[in-house]
Amino acid sequence: MSYSFPRVAALLGAPVELIGEAHLQAAIAAKAKETADLDWKGADFYPLNDKGKHEIAKDISAMANSGGGVLVYGMAENKQGRANALEPVALNQSEQRIREVVASRVFPLPEVSFFPVAVSGAQPGTGCNIIAIPSSSMAPHAMRINERPSFAYAVRNGTTTLYQIGRASCRERV
């Protein structure tokens with residue numbers, strides 16, 4: 001499948017499925033800033049606890065609810081939201097974990113695709129995961145809050161995420 005994220009492709013110099021280490025290094029050199037459809041996530045951003053699960057569900061559902069976008073998991077950012085350094089993640093394990101969290105916490109299930117990028121000098125099996133979340137015709141996507149039976153609708157607001165109170169208010173933004 002081909003993905004259409006023209007702003008991300010222009011910023012990174014390649015379509016999402018063709019992004020490589022050189023594109024990511026160029027983003028660091030240019031101090032590329034996060035946008036509404038591009039989000040940098042450092043290696044420690046999704047800890048192995050409920051907070052990490054919440055952040056995964058929030059980020060994926062917000063992108064799906066807001067016209068789609070790209071997460072670069074393994075790219076640290078500075079305080080201004082600019083690409084700062086590659087922080088390789090375990091590619092297979094992070095993909096499996098993110099897929100499991102999304103399947104158990106985001107309803108309906110949005111489409112999510114992973115494009116692993118090896119990083120020179122990093123441990124084998126590590127690198128950056130380029131995560132593509134296309135615009136969803138099934139939006140809005142609710143996210144379960146922790147282990148409780150309560151839900152929220154996350155949407156992107158520039159480079160941040162807001163929570164909508166109800167399905168109707170979220171649907172108006174999609």
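How many salt bridges does the structure hold? The structure holds 6 salt bridges, a salt bridge being a side-chain nitrogen of Lys or Arg within 4 Å of a carboxyl oxygen of Asp or Glu. This is a predicted model, in which local features need pLDDT of at least 70 and side-chain atom pairs count only at pLDDT 80 or more, while totals for chains, interfaces and linings use all residues. Residues are numbered from 1 along each chain as its sequence is written, and side-chain values use heavy atoms, with hydrogens and water left out.

Lys41 takes part in a salt bridge with Asp39, at 3.2 Å from N to O. Lys41 also forms a salt bridge with Asp59, where the closest N and O atoms are 3.3 Å apart. Because Lys41 lies in strand 1 (residues 38–41) and Asp59 in helix 3 (residues 50–65), this pair ties together parts that are 18 residues apart in sequence. Helices (H or I, at least four residues) and strands (E, at least two) are DSSP runs, numbered from the N terminus. Asp39 and Lys41 are both buried, and Asp59 is buried as well; buried means under 20% relative accessible area, exposed over 50%, and partly exposed in between (1.4 Å probe, protein chains only).

A further salt bridge joins the side chains of Arg99 and Glu95, with an N to O distance of 3.0 Å. Both residues lie in helix 4 (residues 91–105), 4 residues apart, which is about one turn of the helix. Arg99 is partly exposed, with a relative accessible area of 38%, and Glu95 is partly exposed at 23%. Elsewhere, salt bridges that share partners join Asp39, Lys41 and Asp59 into one network.
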